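Subject: Structure for you to look at

Hello,

Here is the structure I said I would pass on. My notes on what turned up in it follow below.

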Amino acid sequence: MEASLGEIPFGLDFHPSKELVAVSLITGDLHLYKYSTDDSSLQRLLDVHAHTESCRTVRFINGGQALATGSKDCSILATDVETGSVIARLENAHENAINSLINLTESTVASGDDEGCIKVWDTRQCSCLGSFTAHEDYISDMNFASDSMKLLTTSGDGTLSVCNLRTYKVQTRSEFSEDELTSVVVMKNGRKVICGSQSGTLLLYSWGFFKDCSDRFVDLSPNSVEALLKLDEDRLITGSENGLISLVGILPNRIIQPIAEHSDYPVEGLAFSHDRRFLGSISHDQMLKLWDLNDILQDSENTIKGQGAMSDSDNDEMDVDDNPSQSKKGMLALVSTLIRLLCKSCI
C-alpha cells in the first residue's frame, strides 16, 4: 500500500502498538496515517503544520500518546496523536538545525543537530537532562544500546562515536573514514556495529574496538546507503540513493536480494510496523510505501535456497550431491571417455 505525500519526506516512524504511521515533510508539515491490514488502505488522520522550516525527523513518544518532531528551525515540538494539538514546543532547543531524534526510554529521547551536538530530554517534564558535542558535522543517525547505556552516533564528518549516557561524554570515537557515515545499527548480539556510508560501502566495527573498522562490504552499492534497518542478528535492510531497498546478510557479507524500490529516487527512511508485518519506506519520489514483510521474507527464503543449490557452501563441510543418480551417470560417462582415449593412444 502507498500514499502520495505531495512533498519530499524526511522522517518516518510507526506507533508502538497501533496501526499508525507518521511522516515529517520538507515543508515543516507532519502527517499521520492509519493503515489497515485487511484492505491495504492508508487513511490520513492528521495534517499539522508543525514547523516554519523543514521537519527532518519524527518519533512517537510517551508510549505513543504524542509525536516529537525536530526541525531546521532548531525547535522540538510535541503533538497530541489523538487531536493534533500542540502539547509543548521547545523553541531554540538547539543552536543549530535538528537532524535526528531517537527514543531512549519511554520518557527520554535524544536529539542531534547539524554541528554534532547531542541533547537528552525528559519528554514528560520537557527538560534537558544533558548535552555534549560528539561530532564536528551533522548527526546523521543514532542507535541506543540500552544494556550498556551507550549511544552510537554517525556523522557527516565521517566518524562513529560511542557516547556514555551516564556521564554525557564521548567514550570513544573512530578514525575518520573516507566519506560521510549515514546510518548505524548494532548486530550479531551486540558484537558488531554496521555503518552505512555515502560511497555505498558498509563499515563493520567490532564492539570495543571502534578506532578502525574490522571489515568492509564494498560490493553493496555504488550509491550512498541512506538508511539501515536491522531485521535480525544476521540480516539487515538497506535503502540506497538509487531508490533500491535490499536485504543484506552480514558475516558472511552478501546481497540476498533486492526487495523493493522507489524508482530512481533516494530512499530517505525505513521502519517496521509494531508487529513487524510491514516495512515502511519513504523517498524523494514523495511516496510513503508499506511493504508486506511476510511476502518479502518468503521470497528471500526461496532465493537463498536457489543460491544454495547453485553455489558452493561457505563452510568446510563436504559438498553433498542432491541427485546421486545423475552424479553416477556423469562419472560413468567420464570413465568411458577416458578408456576410449587410452585405447586410441595405445593404437
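This is a predicted model: local features need pLDDT of at least 70, side-chain atom pairs count only at pLDDT 80 or more; totals for chains, interfaces and linings use all residues.

The ring partner of Trp 207 is Phe 210: their ring centres are 5.3 Å apart and the planes meet at 80 degrees, so the pair is edge-to-face. Phe 210 is buried, at 6% relative accessibility.

This belongs to a total of three aromatic pairs found in a search of the whole structure. Another edge-to-face pair is made by Tyr 35 and Phe 278, with 5.6 Å from centre to centre and 80 degrees between the planes. Tyr 35 is in strand β4 (residues 29-35) and Phe 278 in strand β27 (residues 278-283), so this pair ties together parts 243 residues apart in sequence. Tyr 35 is buried, with a relative accessible area of 3%, and Phe 278 is buried too, at 5%. Together with Phe 14, these two residues form one aromatic cluster.

One ring also has a charge over it: the charged end of Arg 276 sits over the ring of Phe 272, 4.4 Å from the ring centre.

As for the whole protein chain, it has two helices and 28 strands. Of its 347 residues, 51% count as buried. The accessible surface is about 16,600 Å², and carbon and sulfur atoms hold 48% of that. Among contacts with a separation of 6 or more, 42% are between residues 24 or more positions apart.

Regards

Key
Residues are numbered from 1 along each chain as its sequence is written. Side-chain values use heavy atoms; hydrogens and water are left out. Helices (H or I, at least four residues) and strands (E, at least two) are DSSP runs, numbered from the N terminus. Buried means under 20% relative accessible area, exposed over 50%, partly exposed in between (1.4 Å probe, protein chains only). Contact means heavy atoms within 4.5 Å. Accessible areas come from the Shrake-Rupley method with a 1.4 Å probe; for residues, only the protein chains shown count as cover. Rings of Phe, Tyr and Trp (its six-membered ring) pair if their centres lie within 6.5 Å; planes under 30 degrees apart count as stacked, over 60 as edge-to-face and the rest as tilted. A charge sits over a ring if NZ of Lys or CZ of Arg is within 6 Å of the ring centre and within 35 degrees of the ring normal.
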